[in-house]
Amino acid sequence: MFQLHERLAADTHYLGCSRLCEILLMNDSTWPWIILVPAVPDIREIYQLDHKQQVRLLEESSMLSRGMMELFSGDKMNVAALGNMVPQLHLHHIVRFEGDPAWPGPVWGKQPPVPYEGAALAQVKEKLKPLLHHLT
């Protein structure tokens with residue numbers, strides 16, 4: 001049975017489910033940052049998904065990436081599946097901007113997370129609603 005890793009649950013806000021994935025908003029308002037987690041038990045790597053799941057993950061990731069870039073007018077979309085700290089398969093989707101606090105390097109370890117406050121969280125969730133609707 002699928003269960004979300006406790007670190008992902010602690011560091012994110014739940015946004016909903018697609019056909020394959022749980023959709024999570026990273027609790028760092030510095031960057032538009034969404035994580036897709038395939039709701040498949042005991043998966044650490046993309047190649048462990050069956051072929052249909054792999055194709056669906058790529059479709060959902062591409063749709064999410066395109067939508068986030070349109071919504072936030074980013075300069076670059078970073079997509080990563082590191083898994084060094086959290087072994088459960090998950091794909092980070094981070095909209096990057098030239099001149100952001102970590103540009104042009106990776107976002108990890110550059111600064112402490114800036115958690116969403118109530119109004120900002122509600123605002124970003126509202127902004128993401130049309131995109132999330134297309135993913136489900």
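How many aromatic pairs does the ring rule count? I looked this up first.

**Entry: basis.** I note that the model is predicted, that local features need pLDDT of at least 70 and side-chain atom pairs 80 or more, while totals for chains, interfaces and linings use all residues. Residues are numbered from 1 along each chain as its sequence is written, and side-chain values use heavy atoms, without hydrogens and water.

**Entry: aromatic rings.** I found 2 aromatic pairs, where rings of Phe, Tyr and Trp (its six-membered ring) pair if their centres lie within 6.5 Å, and planes under 30 degrees apart count as stacked, over 60 as edge-to-face and the rest as tilted. Trp31 and Trp33 are edge-to-face, because their ring centres are 6.3 Å apart and their planes stand at 75°. Trp33 and Trp108 have centres 5.8 Å apart and planes at 85°, so I recorded this pair as edge-to-face. The latter pair links distant parts of the chain, 75 residues apart: Trp33 lies in strand β3 (residues 33-38) and Trp108 in the loop between β5 (91-96) and α3. Strands (E, at least two residues) and helices (H or I, at least four) are DSSP runs, numbered from the N terminus.

**Entry: accessibility.** I checked which of these residues are buried (under 20% relative accessible area; exposed is over 50%, partly exposed in between; 1.4 Å probe, protein chains only). Both Trp31 and Trp33 are buried, Trp33 with a relative accessible area of 4%. Trp108 counts as partly exposed, because its relative accessibility is 39%.
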